[in-house]
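Please keep the sequence and the model in view while reading.

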Amino acid sequence: MADGSTPPDPERGGPVPAVRPFLVTAGRVAPDPSGRTMPVETQVVATAEGLAVLDRLAFEQHDIVAACRIPQSIAEIAARLRLHLNVVRILAEDLRTAGQLTVHVPDTGVTHDASVLRRLIDGLRAIPDSRGVLRDTD
């Protein structure tokens, strides 16, 4: 890098570049004028058109389309690319509008099912901590 330091290694969890989210989204805070946002579990996949223009996309848009060669959720993209969740939502909507991503919003009836949350909580509790100890239940 210009200051003599080594660039961060994204696989090792190094420092993240300090780019303000409002710069990436041109000041927008919602994907569309209605203010609706994509649920974090929304699945996104790159289109053939998106992959064809990959080298002409801006930095973050390029990274999102490249990551979406396989279906990814909005949450997974944000975590993988270390971008703010709303930045990913806004850019994904822009890319969808341009035909470079396909967006699959889940059925809200299924996502609000309490049994899904219970299974998720039970699954998380089944993961031992760093000492190998399981977490106590409620």
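This is a predicted model: local features need pLDDT of at least 70, side-chain atom pairs count only at pLDDT 80 or more; totals for chains, interfaces and linings use all residues.

Thr-47 belongs to the loop that runs between β1 (43–46) and α2 (48–52). Because its relative accessibility is 15%, and buried means under 20%, Thr-47 counts as buried. When neighbours within four places in sequence are left aside, the residues in contact with Thr-47 are Gly-99, Gln-100, Leu-101 and Thr-102.

The sheet comes next. Its 3 strands form an open arrangement in the order β2-β1-β3, and the pairing is antiparallel. The edge positions are held by β2 (72–73) and β3 (101–104), each of which has a single partner strand, so that one side of each is left without a neighbour in the sheet. Between β1 and β3 the antiparallel pairing extends over 4 bridges, and Val-45 stands opposite Thr-102 in β3. Thr-102 is also one of the residues that Thr-47 contacts.

In strand β2 lies Gln-72, which counts as buried because its relative accessibility is 4%. Not counting residues up to four places away in sequence, Gln-72 touches Thr-42, Gln-43, Val-44, Ala-67, Ile-77 and Arg-80.

The two residues described so far can be set side by side.

| Residue | Location | Relative accessibility |
|---|---|---|
| Thr-47 | loop between β1 and α2 | 15% |
| Gln-72 | strand β2 | 4% |

Which residues of helix α4 (residues 74–81) are buried? They are Ile-74, Ile-77 and Ala-78. These residues cover an arc of only 100° around the axis, and they therefore lie on the same side of α4. Ala-79 and Arg-80, by contrast, are exposed on the other side of the helix. The cover over the buried residues of α4 includes β1, α3 (59–67), β2 and α5 (85–97). Ile-77 and Arg-80 are also among the residues that Gln-72 touches. After α4 comes Arg-82, whose phi is positive, near 55°.

Note on methods: Residues are numbered from 1 along each chain as its sequence is written. Side-chain values use heavy atoms; hydrogens and water are left out. Helices (H or I, at least four residues) and strands (E, at least two) are DSSP runs, numbered from the N terminus. Buried means under 20% relative accessible area, exposed over 50%, partly exposed in between (1.4 Å probe, protein chains only). Contact means heavy atoms within 4.5 Å. Two strands pair if DSSP finds at least two bridges between them. The arc is that of the directions from the helix axis to the C-beta atoms.
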